[in-house]
Amino acid sequence: MNMVAWKMLTHERAKYLGLVFAIAFSTFLLENQTSIFAGILKRTASQILDVTDAEVWVMDPSTQYFEETKALRDTALTRVRGVPGTAWAVRLFKGIPVARTETGRFAQSIVLGLDDATLVGAPRKMVLGTWDRLREPDSVVIDRAGYLLLYPGQPLQLGRRLELNDHAVTIVGISEAGAPFASFPVIHTRYSTATRFQGLERNQMAFILARPTPGTSAEALCTSIHAATGLRARTSAEFAWDCIRYYLKNTGIPVNFGITIAIALIVGTVVAGQTFYLFTVENLRQFGTLKAIGIPNRRLMAMVLLQGAAVGAIGFALGTGMAAVFFDVFRQQVATRGIILMWQSVALTGGCMVFVVVLASVLSLRRVLVLEPAIVFRA
Amino acid sequence: MNPSRPAVQCRNLRKQFGDGDTRIEVLRGVEFTAQAGELTFLLGPSGCGKTTLISVIAGLLDSSSGDVEIFGTAVEKLDPDARVRFRRSHLGFVFQQYNLLPALTAAENAAVPLLAAGVKPREAVGRARELLGKLGLADRADTLPSRLSGGQQQRVALARALIHGPKLVVCDEPTAALDHATGESVMELLAGAALAPDRAVIVVTHDTRVLPFAHAIAQMDDGRILGVDRTQRRTAPAHSH
Ligand SMILES: Nc1ncnc2c1ncn2[C@@H]1O[C@H](COP(=O)(O)OP(=O)(O)O)[C@@H](O)[C@H]1O
Ligand SMILES: [Mg+2]
């Protein structure tokens, strides 16, 4: 009877395609929106995740996320270095000066000032140049997207001069820094260079980056640092999640995406579910005939579920394919770099689609199961 | 003709729909017997309860009271699964509306009862094709119902009703949607293919043109069988008028 179920399903080409595409589109929308949502949230932690050589971030107790920081006192560094289990600790400057090109283009930028001696936190993925050239005086490394923002349409080229808050610097490298949440250029330089163009607020030690001694876990070191200094200490992963949570809680992003995702889900569910439900209801007479002929309810159930599963699987595969192509195309774009189709999105969407198909199948099955086979004698 | 034995026996069969003010009694104590080896016609005005009666006989509808036996089996007393199995193996249906599955070819449609019984599709469709050949549809076996004439569709339905060798074939107005000549040829095929000593056929109709095919004619009105007319069936009904 599986053959019969399959033929029933595909017989009316238009309805069948309608069903498949309803599921495909809602799959696409859901995967697309959830992945972009996750990708954008992850951007709030890009600068944290880019730092691979330190595992612990120390900050003022009132600093909740990366963008908004309260400066630490100079003495904090000494105190952290004194905490047992600390292999090393270095400072990290963070500022947001305006970058201006020789032609007058300007953009607010994120400047990270690295410990002069060690350059801990330097970008590891370089497109052009090397990060150790940051040792040259007044040198900076800028990320590729920031470069393209300031020099649109121009080839990547080292040696260009930039002004950061009217302080001239030279580009010695172009990095592939993780895309920040705001589409600011990400500029790395030495701590001593950074403080010089930060004008008014002299002290800008936003973070201390530390690494535990062998045998000490990052978590344990965080606990010790906090206990010893009263400062907030987080592992990289914890701090990244802090940022994501902060944005989830304090911005309209989740609401906006939530609405889109909910609409995608509702439209997908309603359209796909309803189409499938109607499909079954329109075929009730056929199911009635099969019932009269002596096909038991459980076989009819299997037929409806098979039809649902087939439509669901084909639609889901198609939708996921479209999403994969979409993300593959947009991954190459500067504005959407780093936003990928996440397997979690695919899995979540798959779960939703299974739910939709099962729900629609079950609802329409009810009609089939209570169907009075004697209807087949009625006109 | 063989000494007949009852294929279908209804005793004091009652069926009502609804309750309270909307309650109507459609079967009001039906006494009815159809003999094996015979074609029994059920005749009566529209709305008198014919369809309801055969639905109850076929086990598609529960009666309100009374007994039905089909070849000695009280179908209503079987558990639901057994009833479905009984229908699947011992009953065949022909409907006024044909009720073919539009997605299946003629042969596949005719094969449905075999498929339901678990016969492999290849074999089932092969056997259906053979039977369709006997019903004069050899060249239409792979055609979808939408491309068949009414008479051809009804012959496919006939094949579907007979393919599994059921003991009882129930037909509700099988010729009502067909023109005279087509109706007659379908009835002729039905009489020829469905009859066997151990099989009974009940045909509901108010098409008097096909009456010459009957062995027995039960007259029904207002929820009761008024009487059974045992006719001497003419040997060559198709040329009888
Ligand atoms: N499911 C039902 N609910 C209520 N009334 C019904 C139902 N089925 C049939 N009837 C009524 O029973 C009567 C007999 O119907 P039916 O058996 O179809 O008659 P016939 O086949 O002789 O034309 C009609 O008045 C019809 O309206
Ligand atoms: Mg009727």
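Rings of Phe, Tyr and Trp, the last by its six-membered ring, pair if their centres lie within 6.5 Å. The exercises below use this cut-off on a predicted model.

**Exercise 1. Aromatic contacts**

Task: State which residues form one aromatic cluster in chain A, then describe the aromatic pair of A:Tyr246 and A:Tyr247 and that of A:Phe377 and B:Phe95.

Solution: 
- Step 1. The cluster consists of A:Phe28, A:Phe326, A:Phe327 and A:Phe330.
- Step 2. Over all chains, the structure holds 21 aromatic pairs. One of these is A:Tyr246 with A:Tyr247, whose centres are 6.0 Å apart and whose planes make 80°. Planes over 60 degrees apart count as edge-to-face, so this pair is edge-to-face. Both A:Tyr246 and A:Tyr247 are buried.
- Step 3. A:Phe377 and B:Phe95 have a centre-to-centre distance of 5.2 Å and 55° between the planes, which makes the pair tilted. A:Phe377 belongs to the segment after helix H12 (343-370) of chain A, and B:Phe95 to the loop between S5 and helix H3 (106-116) of chain B, so the pair joins two chains. A:Phe377 and B:Phe95 are both buried.

**Exercise 2. Charges over rings**

Task: Find which ring lies under A:Lys94 and which under the charged end of A:Arg124.

Solution: 
- Step 1. A:Lys94 is placed over the face of A:Phe66, 5.5 Å from the ring centre.
- Step 2. For A:Arg124, the ring is that of A:Trp131, with 4.4 Å to its centre.

**Exercise 3. A covered strand in chain A**

Task: Determine how many residues of strand S7 (139-143) of chain A are buried, which way they point, and which strands pair with S7(A).

Solution: 
- Step 1. Five of the five residues of S7(A) are buried, and the strand is mostly covered.
- Step 2. In a regular strand the side chains alternate between the two faces of the sheet. In S7(A), A:Ser139, A:Val141 and A:Asp143 point one way, while A:Val140 and A:Ile142 point the other way.
- Step 3. S7(A) runs parallel to strand S9 (167-175) of chain A, joined to S9(A) by five bridges. Here A:Ser139 has A:Thr170 as its bridge partner.
- Step 4. With strand S10 (186-190) of chain A, S7(A) pairs over two bridges in the antiparallel sense. A:Ile142 is opposite A:Ile187 of S10(A).

**Exercise 4. A buried threonine**

Task: Decide whether B:Thr52 is buried or exposed, and name a residue of chain A that B:Thr52 touches.

Solution: 
- Step 1. B:Thr52 is in helix H1 (50-57) of chain B. Its relative accessibility is 5%, so B:Thr52 counts as buried.
- Step 2. Beyond four places in sequence, the residues B:Thr52 touches include A:Arg378, and in chain B, among them, B:Lys15, B:Phe17 and B:Leu61.

How values were computed. Residues numbered from 1 in each chain as written. Chains lettered and ligands numbered in written order. Predicted model: local features only at pLDDT ≥ 70, side-chain atom pairs only at ≥ 80, totals over all residues. Heavy atoms only, no water. Phe/Tyr/Trp six-rings, centres within 6.5 Å; stacked < 30°, edge-to-face > 60°. Buried < 20%, exposed > 50% of the residue type's maximum accessible area, 1.4 Å probe, protein only. Helix = DSSP H or I, 4+ residues; strand = E, 2+ residues; numbered from the N terminus. Lys NZ or Arg CZ within 6 Å of the ring centre and 35° of its normal. Contact = heavy atoms within 4.5 Å. Pairing = 2+ DSSP bridges.
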